[in-house]
Amino acid sequence: MQEQRHIPFSPPDITQVEIDAVAEVLRSGWITTGPRTKELEHILCSFTGAAGMACLSSATAALECALRICGIGPGDEVIVPAYTYSASASVVVHVGATPVLVDVAPGSFFPSAETYAAALTPRTKAVIPVDIAGVMADYDAIFDALDGYEGWQPANSVQECFARPIVIADAAHSLGAVRGGRPSGSVADFTAFSFHAVKNFTTAEGGALAWRDFGFDTDELYRQAMLWSLHGQTKDALHKEAGSWEYDIEFPGYKWNMTDLQAALGVVQLGRYPQLLARRKELVECYERNLAEAPVQVLKHYGEGFSSSGHLMLVRVEGANEVQRNAIIARMADAGIACNVHYKPLPMLSAYKKLGYDIAHFPHAFAQYENEVSLPLHTLLTNDDVDYICEQFMAAIKECV
């Protein structure tokens, strides 16, 4: 019998190089938003092919920042998948707009482009597709479905750059993913990334808002993002040095800025990122080999025309219900393996029930959720760890289903 192991779900991959970079910032005396944050924005822009990039405190801040820049608010609607984490929809509520939840396609973690199109009304100002587990949504199909929508009613200068609702990608999982030869960050109109501790690329906490060139002044977009991220203040601490203290507040903004401590970690992480992505691909392939004969459906991360960031190992256990799925996860914990579920659909959560949503209207989302198990996937795993996880997983399925 194999010795039990302790396998966490998603620990950060931090080396001495990251530690040294953060220590250097601490010694510098400049630890808030400053030159390292600007450096990270520059190299992320290059890495993603985006027209512009603003580093912020979280992906949630980035999503809301995009909505604010686009002037979306009370009276507007934003279409969001029901199968996602709360942040994708909570930002819509934050700005006073109405989230319009849509079901995923049968057997898929993604809504179809036609489903997005069917939910459009003259009040629709944006669509927030979600890149699940590091796999990018089919943005070309979404654009095709939205193009030519005759009910589009732009209400400000940003919206006037479009002839359709604005596409804001929740790309919390997909930094480094590619679809149709284009990297995440360069495809959707706006893209929100997460650099949270459990993400492939981390700044401990943090995120970024990217945008493509859609005809609006990219420098002005960046200025707007900076204003929203720092109380609407026209000058940050870095530019108030040497006696130049005078500033204005253009509007009551938020406190969404990234610090140089976080950015220093990110600069080093991005230098290592191609190797981390390659290792994640090896681990996904190891899982796929181990589970090839198991009674499960594995989310496809790599295929013709697309490559995932390999963020999460989503597996659906054929024939399992919620009770059985939860028993499998408990059995895995007994074997020292931390598993998770991504995600409980929004209509199952109290906040969205209070808004009037009912999971009965989202049967495909519920079907995806009720037998989904997220297995550990991180670059501190060995191939032997994956073998052990899969051995225990298959034993748990046999025992619980």
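User: What is the largest nonpolar core made of, and which residues have the most contacts inside it?

Analyst: It has 78 residues, and those with the most contacts inside it are Ile69, Val78, Ile132, Tyr139, Ile168, Phe190 and Leu209. "Nonpolar core" is the term for a set of buried Ala, Val, Leu, Ile, Met, Phe, Trp, Tyr and Cys residues joined through side-chain atoms within 4.5 Å. Helix α3 (residues 59–69) gives the most to this core, with seven residues. Helices here are DSSP runs of H or I with at least four residues, strands are runs of E with at least two, and both are numbered from the N terminus. Apart from that core lies another one of 31 residues, including Ile7, Leu375, Ala396 and Cys400.

One thing to keep in mind: this is a predicted model, where local features need pLDDT of at least 70 and side-chain atom pairs count only at pLDDT 80 or more, while totals for chains, interfaces and linings use all residues. Residues are numbered from 1 along each chain as its sequence is written, and side-chain values use heavy atoms, with hydrogens and water left out.

User: Which residues does Phe190 touch?

Analyst: Leaving out residues up to four places away in sequence, Phe190 touches Ala66, Ile69, Cys70, Ile166, Val167, Ile168, Ala169, Leu209, Ala210, Trp211, Phe214 and Leu221. Contact means heavy atoms within 4.5 Å.

User: Why is the aromatic pair of Trp228 and Tyr254 called stacked?

Analyst: Rings of Phe, Tyr and Trp (its six-membered ring) pair if their centres lie within 6.5 Å; planes under 30 degrees apart count as stacked, over 60 as edge-to-face, and the rest as tilted. Trp228 and Tyr254 are 6.1 Å apart centre to centre with 25° between the planes, so they meet both limits. Trp228 lies in helix α7 (residues 218–229) and Tyr254 in the loop between α7 and α8 (260–290), so the pair ties together parts that are 26 residues apart in sequence.

User: Buried or exposed: what is Trp228?

Analyst: Buried means under 20% relative accessible area, exposed over 50%, and partly exposed in between (1.4 Å probe, protein chains only). Trp228 has 13%, so it is buried, whereas Tyr254 has 29% and counts as partly exposed.

User: How do you know that Lys125 lies over the face of Trp152?

Analyst: The rule asks for NZ of Lys or CZ of Arg within 6 Å of the ring centre and within 35 degrees of the ring normal. Lys125 is at 5.8 Å from the ring centre of Trp152. The charged end of Arg325 also sits over a ring, that of Tyr369, 4.6 Å from its centre.

User: Where is Lys255 found, and which residues does it touch?

Analyst: Lys255 is in the loop between α7 and α8. Not counting residues up to four places away in sequence, Lys255 touches Ser57, Ser229, Leu230 and His231.

User: What makes the peptide bond from His342 to Tyr343 cis?

Analyst: Its omega is near 0°. Tyr343 sits in the loop between α9 (322–334) and α10 (350–353).
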